[in-house]
Each structure stands twice: as structure tokens, then as C-alpha cells.
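Here's a quick briefing to read with the model open beside you. Have a look at the structure first, then work through the points below.

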Amino acid sequence: MYRVIDKQALTRRLFLYFLPLALIGYLLSAPFLFLFIGAFVLLVWHYKQLYRLSDWLINQRSFNPPEGKGAWEQVFEGIYQLQQRNRKKRNELAELIRRFREGAEAIPDAVVVLQQDLSIVWCNQLALKVLGLQWPTDHGQRLDNLIRDPKFVKYMNEHRFDEALELDTGLAHEQVLEIRVMPYAEQLMLVARDVSRLKQLEQMRKDFVANVSHELRTPLTVMAGYLEMMDSDNMPPPAMWAKAHGTMIDQCKRMDSLVNQLLSLSRIEGARKQDNDKAVNIPAMLELIHTEAKSLNQDKGHTLTFDIDQTLDIKGAADELRSAFSNLVFNAIHYTKPNGRIHVRWYLEDEKPTFCVIDNGDGIAPEHINRLTERFYRVDKARSRKTGGSGLGLAITKHVLSRHDSALRIESKVGEGSRFWFSFSKQKRIFMTNDESHKSVI
Ligand code: ADP
């Protein structure tokens, strides 16, 4: 380890250099001349050292510094040490970056690091394949100039990355990518995953359910037809078959409603958003639901109140909305004890069209609430079966609402009752003239 230049030693050296010169000069009666020559020689020597140093720093022909003399030896050595420390740090940083890149290469997804202005900083090998990028040609290019899909451009420029984007790349056959963007430090990390296989499986599942439901329809209709024929006066069933016959008719109806529900679920899943959006006269639709509810309600004697804002219409898919609204009303009737109270409201809350069904029925325990919208989920299977429930009603409601940019909310207390409600955005509201109102769908 080299010492820092010692001030005393420097002074001593200067003194030892100038003292003999001053003495000789004094003896030859020209002390200033000798001191001047000495100072000049010293200056030239220092300049020479300075030149060697700058020559080495700029041209760097050898890794080691030139041999320094006197005080310059420490300067040369100090700079050399500094350079070595920097070189070590640079190597450590390069190693860190190399390891990060190796890690990013090992990720089974395409990764692209972007600046805030969407210019590409770095991408892994998979990104070249999956996103069709070229490296290093595309370095510094804006990603939204290279992937021109309008959905992608909008997603990237809106900078709202809390939800993933699904993108049909059109690069490979029916390739679907799930794109997520994570902001970190000053940059953005884009991760693209090929979800084509998952999408295919999901589609296969939907197709399977739709096909099976469809195929079950014909045998069911035939069976129901024959059973009804047996029920008619001219073909009375033998007495011993009476009970079985009744049960068969009930089960046939149940299966028919199950198949219909499965079919409507498949239809909703299959249709694109806003495909069949039209002006829907919700008050008229609720009037029909009210009439149906009253007939369902006859033997239970519930107090059924409908509080409907007659001016409130929205834009949407009429048949889907009808099943979402009616499922909540009919559930309230099914799961509220005789003589209970059911209150249905369609009103504006904070300018948002809102539908709410409140009952004082059995209520639902908290652990079930989040699962109610799963297909075939029923709190009490035996009870639900008795009411003719399939466990598909709330799943349909959930899908319908999500396609109308809304969500089902549930509040319930066991023994006190439940509140099911949802709101639409205020943009969904429409104002119809009397004439339009007659033409609108229910
Ligand atoms: P289901 O056809 O069985 O009624 P749903 O999907 O409509 O199926 O409802 C799922 C389950 O949620 C029902 O089985 C029932 O246990 C519960 N549920 C729905 N609505 C109510 C309600 N108003 N009060 C109590 N429980 C309810």
C-alpha cells in the first residue's frame, strides 16, 4: 500500500535541491542566477513527468503505469490503483448484468425491458421468436411502432397495466398472447406468454358443454312428449305407475331447465361483448318478471314489493339482462320462508342504474358468499334441488354482468336475509322517447 505524499518529505527534498545551488551561487557571486536555473530545470522535469502521465492515460499502451520518479511515483501509482478498483467494479457490474440476463433468458416467457417512452432497452431470445423482434436492429425502437395492433398500441399508451392484455398476434396460426407490463425503477418490463393452448382447451370445454347440452335436448323433448301423452285422459297411466310418472315428469322438466341454463351459459360465453346491445326497456321487463314472480309466490305468501324507476332504461343484451334480473328475484322467492318479505328496486344511485333484491330469508354463511357464482355451487344441495335449482343461476348472472361491465355484489347474514345488487355505469343509461320505448326490446 502506498503512502499519501508526505508534506515534510517534499519540503525536505526541495530544501536539499535548492540549498547546494544557493551555496554554489553564493560562492560564484550569482545566487539568483543559480536558483533561477535550478527552478527552470525542476519545472522542465515536472512537465516531462506530466507529459508521460497524460500520454499513458490517453494512449494506455501498457496496463501498468510508466515508472514515476520522486513525488510523481505516488501519483502514477495512485491513479493505477484507482483504475484497478474501477475495473473491478465494472467487472462486478457486468457479471451482475450477465446473471440477470441469463435469469431472464431462463424465464419461459418473452421478456422485453422498455424505457417509459416504450423504446426497447433489451429483450430475451424468446421475445425475438414470440413477438417477432430483431436484435440488435430493434434496440432503441419504440415497441408500439413494431407491434402495430391497435389494441396493443392503446394498452401500452394508456399506461394502465393492472390488467393483462390478450392479443391475437397473427404471427403464428391462432396464437394468443397474454401480455403483462410491470413498471420497475424508471423502466417497464413486458412479459408475454403464449396462452394459445389454454385458450384452445377453454374453447374445447365450452364447445363440449354446448354440444352435450344441445344433444341432450332432443331425447329430452321426446321423453317429455311421451310422458305428457301418458298423462292425457285417453291414455291414463296404470295406478301403480302414477307416482313414478309424476316424478319422471318433474325430473324431465328439471333436466330441461338444466340443459337450457347450460346452453344460455355457453351462448353468453361464446358471444362477443356488445354483439347484441340494444335499447332495453327495463321497467317493462321488470313488470313481466313481477307477474311471473307473483305466480311463483302464490303458495308461499311472501310480501313482494317492486319499486321501479319507470324512466330508467339502459343499453344491453335484452335476453341476457332478463336472465340476470330474474335469477335474483326468483332466488329470493325460492330461498325465503313462507310469509317472508322481498323487496325489489331499480333506481339511480350516484347516477348509476342500480338493481337490488332484498329478502329476509335464511341468509348465507360468509364462507359460501364468494363461491355462489361458481357453476353448480349450491349452499344446501338437497334444498336447492327441491326448489328445482341447478346451481347455474348466479353463474349466468355473473357472466351477464361482466359482459355489461358490472359485477354482482352480495351481502347476507344467516337468519336475517340477503341483499343482492349490481350497478351499471352511467354511460349505459339511455333516454328513450315514447315511440322508441315501444320499439325497444324487453
Ligand atoms: P340455484 O339454481 O341452486 O338457485 P344459483 O346459482 O341461483 O343456483 O344460487 C346458488 C346458491 O346460492 C343457491 O343454491 C342458494 O344456496 C344460494 N342462494 C342464492 N340466492 C339466495 C338467497 N336469496 N338467499 C339465500 N341463499 C341464496
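Predicted model: local features only at pLDDT ≥ 70, side-chain atom pairs only at ≥ 80, totals over all residues.

**The annotated stretch**
- UniProt, in an unreviewed entry, lists residues 21–45 as "transmembrane region".

**How the chain is divided**
- The domain assignment gives domain 1 (7–100), domain 2 (107–194), domain 3 (198–268) and domain 4 (274–431).
- Taken over C-alpha atoms, the centres of domain 2 and domain 3 are 48 Å apart.

- You'll find 5 strands in an open sheet, ordered 7-9-10-12-11, with mixed pairing.
- At the edges are strand 7 (303–308) and strand 11 (409–413), each of which pairs on one side only.
- Going from one strand to the next, the twist averages 10°.

**Zooming in on strands 11 and 12**
- Strand 11 runs antiparallel to strand 12 (residues 417–423), and 5 bridges join the two.

- Which strands does helix 10 lie across? Helix 10 (residues 318–334) lies across strand 7, strand 9 (341–349), strand 10 (352–359) and strand 12.
- Its direction is at about 15° to strand 10.

Notes:
Residues numbered from 1 in each chain as written. Heavy atoms only, no water. UniProt positions renumbered as here; feature names shortened; annotations may be inferred. Pairing = 2+ DSSP bridges. Helix = DSSP H or I, 4+ residues; strand = E, 2+ residues; numbered from the N terminus. Axes fitted to C-alpha atoms, helices over the stretch in contact; angles between N-to-C directions. Contact = heavy atoms within 4.5 Å. Domains from an automatic or database assignment.
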